[in-house]
Amino acid sequence: MTWSATARGAQQPDNTAFTQQRLPAWQPLLSASIALPLFFCAGLAFIGLGLGLYYTSNSIKELEYDYTGSPDTGNCSACAEAGQDGAPPPNCSCALNFSLPELFQGPVYFYYELSNFYQNNRRYSVSCDNAQLSGFPSALRQPVNDCAPYQYGAAGLPIAPCGAIADSLFNDSFSLWHQRQPGEPYVEVPLDRTGIAWWTDNHVKFRNPPLVNGSLALAFSGTAAPPSWPRPVYELSPDPNNTGFVNQDFVVWMRTAALPTFRKLYARIRQGNYSAGLPRGDYRVHITYNYPVRAFHGRKLVVFSSISWMGGKNPFLGIAYLVVGSLCILTGFVMLVVYIRYQDQDDEDDSDD
Amino acid sequence: MFRQSLNRFCAGEEKRVGTRTVFVGNHSVSGTEAYIAQRFCDNRIVSSKYTLWNFLPKNLFEQFRRIANFYFLIIFLVQVTVDTPTSPVTSGLPLFFVITVTAIKQGYEDWLRHRADNEVNKSTVYIIENAKRVRKESEKIKVGDVVEVQADETFPCDLILLSSCNSDGICYVTTASLDGESNCKTHYAVRDTIALSTAESIDTLRATIECEQPQPDLYKFVGRIDIYSDSLEAVARSLGPENLLLKGATLKNTKKIYGVAVYTGMETKMALNYQGKSQKRSAVEKSINAFLIVYLFILLTKAAVCTTLKYVWQSTPHNDEPWYNQKTQKERETLKALKMFTDFLSFMVLFNFIIPVSMYVTVEMQKFLGSFFISWDKDFYDEEINEGALVNTSDLNEELGQVDYVFTDKTGTLTENSMEFIECCIDGHKYKGVTQEVGLSQTDGPLTYYDRNREELFLRALCLCHTVEIKTNDAVDGATESAELTYISSSPDEIALVKGAKKYGFTFLGNRNGQMRLENQRKEIEEYELLHTLNFDAIRRRMSVIVKTQGGDILLFCKGADSAVFPRVQNHEIELTKAHVERNAMDGYRTLCVAFKEIVPDDYERINRQLIEAKMALQDREEKMEKVFDDIETNMNLIGATAVEDKLQDQAAETIEALHAAGLKVWVLTGDKMETAKSTCYACRLFQTSTELLELTTKTVEESERKEDRLHELLTEYRKKLLHEFPKSTRSLKKAWTEHQEFGLIVDGSTLSLILNSSQDSSSNNYKSIFLQICMKCTAVLCCRMAPLQKAQIVRMVKNLKGSPITLSIGDGANDVSMILESHVGIGIKGKEGRQAARNSDYSVPKFKHLKKLLLAHGHLYYVRIAHLVQYFFYKNLCFILPQFLFQFFCGFSQQPLYDASYLTMYNICFTSLPILAYSLLEQHINIDTLTSDPRLYMKISGNAMLQLGPFLYWTFLAAFEGTVFFFGTYFLFQTTSLEENGKVYGNWTFGTIVFTVLVFTVTLKLALDTRFWTWINHFVIWGSLAFYVFFSFFWGGIIWPFLKQQRMYFIFAQMLSSVSMWLAIILLIFISLFPEILRIVLKNVRRRSARRNLSCRRASDSLSARPSVRPLLLRTFSDESNML
């Protein structure tokens, strides 16, 4: 008897909320009475935010100067002409002049911009060896195949750093000179070339190979510099903490850009007299013009920009918030009308009964 | 496979011969005639699909025949061979997983089939070989073997009965597992072999049997046995279905029999009646395949567009190979056409996530897990059989929500299959219920009229006029034996009548030496000598017995259908009885009229002679007997009528009404007699009393000489009538069936085959189409006298109608198996007649009433869930891939992935899979109780409504909109110098991560908006998934993974979140993406609210006029009639 009783229990389905699909549940209904206030609140909040963003964006100043080689700006066209065939001319220098009628509120960030440069091309963006850049000696001498055709140099030596990204490192250099009053000599504006790369990139992701006898050059012995580079990687900068793979310009360059027109941070201007920004006066950018862009119909620009809490100048976000906010409120009103109409109709129906 | 083809081959070969010759016992019949062994198939049943060695190739082949699997295989191969942006692991691993799981599942199922086959094939049987009883495995039986079968064993193959332990060569058989008739049938041995009832004697038999080649009709068999005695003069006897014992039937009440095998293995009638269990595909799966093709097209278009544009873009050399990104020598040397081709393939691989493997995994999981809710449902639990519902196939859950036609068996499905004597009427007076010791109580009519003799005569008639036998139960000890008489008969009605008579004091005690014994109210034993039994047949629709009383009077008792008896009685009191019978029939009872006549001895002499003559006739025996019977059963006196109830299953009528209300068409397919079936249909309200019945039966058709003309006439007449009634298209039928005159159609098996098979004529096709037109216009169709295969034929016919409606079959017996297998969804009832139906069904439930909840609640929910699941999956992958496509325009069409490989792989597997799975298991957009109580809701999803072009386009456009918002929102955001307050810049992986973050949140929140039933599980998986995404991104970007070649994601996510602009942008983009959806939901709710209010008003006013569903039947008759007038 007992056995059959247990068998009965075993056969019978469990009577639990889950098995009977009767779990307690919250059954929200996004009704108009909830949605309408939501629309209005969201609309107002968005408009508020949008206004804030819009004004912030507008208060950000941005100056950009094309120095690719158009004849009217500066004298860089000569260099551009010289470098037409693709091979960079040796140390062609030129200058770019501009003047500021008033203080450029700081801190000012100095960018360079390239256009029509496809850092996001797949073949390009995979063409580097992360193990090598992390300083593993084995990888240093055996670059991955992805680096081809920048894998081994002409002499058969492994290239360090290998790959197209590294090879195409932007190698124009800039210095900024300020003339407070006309006639006064140009004073060099100190450019802070540190702190331009992501901290994690500079300190963790990119590492130099272990020093050999205290020398970075020896650590790189047996490797070749990328073909386009005039000097090996360990001579990128005289500063021993900023050379080799951890050179900040290099690290910034290695973070491939998302779009074919991109800006990369060159320096921060925040030292000495310029910590508050760029004062009024004439300015000259001395450019060592190395980087050929004409070959791929690109442009080169220098950009000075101030930065706020929301980053650089970007009207899009503010405008988008404003538009969406107004749309919300508009829809809210339309919904209100629809809702009231239906309500009335229902009331009429009710009164009919 | 080989076996099957072999079978087919040998069957085909034999068909040319036309007949087969079987040597009984495999003895040559004479020395002179050489014994040529004919090759027949062995007695092995094979239902399994695979063998051990062909499993892998065959299963793989079958799996890759699925369009999706094949597609994934191609993608995988492309990834392996061509240089592609994503690793082959991303698609290889899920594919391997899916294939393995499916293979294991199918392997297991096939193993079960193997086991079941083995159980049948290896069962022991006894064969008489050289006068010895040899024990063998069932599969070893050869045609011609003499087989011994014991009581309660099933026949291992089709046998010709040679002899039984009964001296008259009779055995009783139940064919419950074959055609669902649970009663005992009597089979006869040929006279000449009756005596051979021992192993030794049977071995001396020299005979050949010539019979037709195997054919599936259970009720047809033509053969001849030639018995060679010592004189070498062959005695020929004809063999008919009454000599054939079918495989699958069970021997009852007979100790043992000897039979010779004529059909074995796959050639038995049972095997021929079984159809292979074909893979059933649900309508949703077909929709998925259609969507798949659309998305495949989108994918190919995208890849083609990108490839073309890539080469257009690359036509300028500085784009093709700028100095900073030179090609390798090998790349330069590759043929351009080949490069274009591989580029095309690479784009395909890049965009292949648009058709995700994981969808198939999720759909499978949803179906598998979701089906547990059916077996867990305690509403399906039946106390009586101590079992709940059972799910055999989980592939068809959603099909339960799409059913258009329901085909139901009658006996055991609509009815309980247990008859009960309800009332009787004697000389026009109604008697009901048990009374005082006297016996009957008269409930109406003039109380003064009280003729004891007539009552006793009536009860005696009930006790004598039948073919019931008493089962002597050996197992039970003597004391109980006498108290409990177990009646067995080929007709449950007869048992009910005999039991009914017993209730009133007349107990039938059985036959002894040709004497029928009964105990009357005064506890006296009366004995009657049984002279003749004029058996029941379907054409006469009555049966009679001729008995001799102890006093020497010869009496004939006859009982039969009213229409068969009334014309043959001389009594003038028909009218009163007739009224009773009609009322009883209307109440759904099975009615029989009882008549008697006295036969004077002279007449009896003549009758006796005629009967014996007819019985002995070798030719046209049937017709001769019929003629004699006809002569005898005339000029009788009507005594009364009986009413027997075949009890309907609990709530059968309510269920049918609910199904009707849900817009389903219910057809009853039964092997039963027309009258019985009709009354059941009335009782379970398939036919209303106001329903006008159109009959296409032997009765109506055969009145005329040329059947076909008459049939044609009827068909056109009915069509005209229906077209007149429903001038509009069929669509209106669903809604309008309450307003119009209802039509019901009754068809029987022979007429049906006439309609379907009247081949030579060119008009046959015409008949069929007219017939279908009629069927579609009728609210209810009853098909009676159906053979199992005919049931399947009907189902197939409806299945192939225009618009391919979804069919559901429900039945309990083995005779329903073919229709269960044929229809889209087969439901078995765990009935009294064995488990064949339940085993072959897709779902089995204990009772018919469970169909209501199964369809209206479970089916509805499953459909909504899976339809949403499918749409959502395509939606979320289109939004996933569209930004990647757009990105190609900004990266020089270089197949650069926008998202990191981990995101590409994890998106469908981890980040967005669980919420939709939980949704598709738990969602109840409408409460289960509401669904069950309002059948009309079922109509909302009929015709695969949620997967039609409209909803599909909506989802697709939504996805396209969102994908565009994700990409261009981020694109415009990236027009700035920096997004961080420290002026540092972001790269392409940050771009992708922003898009991806917005994507994951939007897609998950979209599901959250759609979820109407938030259980804690939904909360857990939805918020959990989002949290997991954030956690994973931190984790994945937080470590330099030594196994990765590219540390793309290192600190990307953390860096991204450190920017305020990014937060604002993400929130904004999510909001914009969801905005149209929110708007739609709010508007829908406003509309629904008012609609509901309107509806409730209307319903309130309707409720007065609406006819209540449960009302006494007669009451309704009058009111409905008055409505009609």
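This is a predicted model: local features need pLDDT of at least 70, side-chain atom pairs count only at pLDDT 80 or more; totals for chains, interfaces and linings use all residues.
**Entry 1: chain A overall**

I started with the secondary structure and found 11 helices and 10 strands in chain A.

Then I went for burial. Of the 353 residues in chain A, 50% are buried. I checked the contacts as well, taking those in chain A between residues at least 6 apart in sequence: 78% of them join residues at least 24 apart.

For the surface, I noted about 15,700 Å² of accessible area on chain A, with 58% belonging to carbon and sulfur atoms. On charges, I have 23 positive and 29 negative side chains in chain A. The centres of those two sets lie 11 Å apart.

**Entry 2: chain B overall**

Chain B has 1125 residues, and 57% of them are buried. Among the contacts in chain B with a separation of 6 or more, 73% come from residues 24 or more positions apart. Chain B exposes about 46,700 Å², and I put down 57% of that to carbon and sulfur atoms.

**Entry 3: where A meets B**

On the chain A side I looked up which residues lose the most area to chain B, and they are Gln21(A), Arg122(A) and Trp198(A). Together these three make up 10% of what that side buries.

**Entry 4: cis peptide bonds**

A reminder to myself: most peptide bonds are trans. I looked for exceptions in chain A. The bond joining Ala148(A) and Pro149(A) is cis, with omega at about 5 degrees. Another cis bond runs from Ala160(A) to Pro161(A), and omega there is near -10 degrees.

Where does Pro149(A) sit? I found Pro149(A) in the loop between α6 (137-141) and α7 (164-167) of chain A. Pro161(A) is also placed in the loop between α6 and α7.

**Entry 5: positive phi**

Another reminder: a negative phi is what most residues other than glycine have. I wrote down two residues with a positive value.

Asn116(A) has a phi near 60 degrees. I placed Asn116(A) in the loop between β4 (108-114) and α4 (122-125) of chain A.

I found Arg685(B) in the loop between α22 (674-683) and β29 (692-696) of chain B. The relative accessibility of Arg685(B) is 9%, so I filed Arg685(B) as buried.

**Entry 6: Pro240(A)**

Last stop was a proline in the loop between α9 (216-219) and α10 (248-254) of chain A, namely Pro240(A). I noted Pro240(A) as exposed because its relative accessibility is 62%, and the exposed class starts over 50%. I also looked up the C-alpha separation between Pro240(A) and Gly214(A), which is 11 Å. Those two residues are 26 apart along the chain.

How values were computed
Residues are numbered from 1 along each chain as its sequence is written. Chains are lettered from A and ligands numbered from 1 in the order in which they are written. Side-chain values use heavy atoms; hydrogens and water are left out. Helices (H or I, at least four residues) and strands (E, at least two) are DSSP runs, numbered from the N terminus. Buried means under 20% relative accessible area, exposed over 50%, partly exposed in between (1.4 Å probe, protein chains only). Contact means heavy atoms within 4.5 Å. Accessible areas come from the Shrake-Rupley method with a 1.4 Å probe; for residues, only the protein chains shown count as cover. Lys and Arg count as positive and Asp and Glu as negative; His and the chain ends are not counted. The place of a charge is taken as NZ of Lys, CZ of Arg, CG of Asp or CD of Glu. Buried area is the accessible area (1.4 Å probe) that two parts lose on being put together, summed over both.
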